[in-house]
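Let's walk through this structure together, from its overall make-up to a few individual residues. Please keep the sequence and the 3D view open as you read.

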Amino acid sequence: MKNVGWFKVAAGLLVVGGAAAGGWWKWSQPGSGDAATTNEPEAAEETVLTDVIDLPAEKVAAAQLQFASATSTELIHEHVVPGRLQYDDRQHIVLRSATNGIITRLLVKPGQSVKAGDVVVELSSPEVGNARADALLRQSELRLAIESRDWEKATCDGLQKLSESIRRRDAVSKIRKDFENVTLGKSRETLLSAYSDLLLAEIQLESAEENQRNGVISNRTLGERSSNRDQFEAVLTASLEEQAFLANQSCRRAEANVKDAERRLRISRQNVRTLLGYATTGQAGDNADRQAEDSDIPEDQLSLVQLKAPFAGTIERYNFSQNERVEAGEPLMTLADTTRLWVAADLRQREWRALQLQPGDKVRVMTTLEGIENREAVVHFAGREVDIATNAVPLVAV
């Protein structure tokens, strides 16, 4: 290849070749004798070379020759395109009112820095107040439903224990003592009365059987007493089944009432969150959700709506003043975090090779502004749609 040098070292002989050198040079180390020149491979090579010059050591030193290994390096093609600084869209928002209301307090001014969660404006919204009042009502209804459900469940459990005691034929006095503090509802007297009638009929039957064996009463009277006992036993059995059925029904109905009260409370709270601009629970954080679900909100603050900064930044501007009425969706103020910006460029056809950049790749940002040094930016996205008007594709880096 032309203009490419080559190097070779053997037995103290250094030969440097190159077309730009205008010939070949050979240098032998002092004191080496003729060992190098008598070497057969070197001698054969010298017969090929022409214009060979022997240089003494001082001439070699004066030439300041340097040697390095040949390496391959990838050439990087650079594209320089004009760009512009702009807000990071992820950290630049317009704060809007999610409901109708009146601005009661403006807590910031343009150019003021705020932290995430800082209250920037307060509104009074009767619509929010009504929704919160409804949520408090639903919360009270849920508590009542839970109390009713617990009472019905305790009644079912007590009735089951009472049925087991009656089937064991425990004495009425013992049952009354054991179940003195057990919740039974109306079933207590109904079942105990039927049970007492059955016990009395059994005692009468036993007495009639004894008298019949002694010939005191007839078989007819004994049969009447036995039939009377069976009748009272059937009444007691029916009462136990009926009371158990009614109690289980009441338990299921009470459980359904609790589920319904929970659903209505969730709907009511969702309505409040929607009016406040929170689509789902937890979206704006625990402190924000307390505005929708805190039952300890004073009654005179049920209509209070606090708008908070979702991230730290600077108030760029606001569009309303205190005591002005605002409608739902109207922009109140602009918040931006200028500690991180986007640099955007339009890639035209000759720079479309840059579209091979992937998110996370680094690019260098150069500016002509005095006092601002060049910086690195990380590619956020490279567009895939060509703008019809400019025939360019956007590239954005952070």
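**A guided tour of the chain**

The chain's secondary structure comes to seven helices and 17 strands; here helices (H or I, at least four residues) and strands (E, at least two) are DSSP runs, numbered from the N terminus. This is a predicted model, in which local features need pLDDT of at least 70 and side-chain atom pairs count only at pLDDT 80 or more, while totals for chains, interfaces and linings use all residues. Residues are numbered from 1 along each chain as its sequence is written, and side-chain values use heavy atoms, with hydrogens and water left out.

Of the chain's 398 residues, 29% count as buried, where buried means under 20% relative accessible area, exposed over 50%, and partly exposed in between (1.4 Å probe, protein chains only). Among the contacts in the chain with a separation of 6 or more, 66% come from residues 24 or more positions apart; a contact means heavy atoms within 4.5 Å.

Let's look at a sheet next. Strands of a sheet pair through backbone hydrogen bonds, either parallel or antiparallel. Here, four strands make an open sheet in the order S10-S9-S7-S12, and the pairing is antiparallel. Strand S10 (304-308) and strand S12 (325-326) are the edge strands, each pairing on one side only. Two strands are said to pair if DSSP finds at least two bridges between them. Strand S7 (residues 101-106) is joined to strand S9 (residues 119-124) by four bridges, and the two run antiparallel. Within this pairing, Ile-102 stands opposite Ser-124 in S9. S7 is also joined to S12, by two bridges, again in antiparallel fashion. There, Gly-101 has Val-326 in S12 as its bridge partner.

Which residues does Ala-328 touch, leaving aside its neighbours within four places in sequence? Its contacts are Ser-97, Ala-98, Thr-99 and Asn-100. Ala-328 and Asn-100 are 228 residues apart in sequence, yet their C-alpha atoms are 4.9 Å apart in space. Ala-328 has a relative accessibility of 44%, so it counts as partly exposed.

Now turn to the helices. The structure holds one disulfide, a disulfide being a pair of cysteine sulfur atoms within 2.5 Å. The partners are Cys-156 and Cys-251, with their sulfur atoms 2.4 Å apart. The link of Cys-156 and Cys-251 is right-handed, with 135 degrees about the S-S bond. Because Cys-156 lies in helix H3 (residues 126-167) and Cys-251 in helix H6 (residues 219-276), the pair ties together parts that are 95 residues apart in sequence. Are these two cysteines buried or exposed? Cys-156 counts as buried because its relative accessibility is 12%, and Cys-251 is buried too, with a relative accessible area of 18%.

Helix H3 also contains Arg-149. The side chains of Arg-149 and Asp-150 are joined by a polar contact of 3.0 Å. Such a contact is a pair of N or O atoms within 3.5 Å; within protein, one must be able to donate a hydrogen and the other to accept it, and residues adjacent in sequence count only if both atoms are side-chain atoms. Not counting residues up to four places away in sequence, Arg-149 touches Ala-254, Glu-255 and Val-258.

Most residues other than glycine have a negative phi, and most peptide bonds are trans. Arg-169, although not a glycine, has a positive phi of about 60 degrees. Arg-169 sits in the loop between H3 and helix H4 (172-178) and is partly exposed, with a relative accessible area of 35%. Asn-323 is not a glycine either, and has a positive phi of about 75 degrees. The loop between strand S11 (313-318) and S12 is where Asn-323 is placed, and at 60% relative accessibility Asn-323 counts as exposed.
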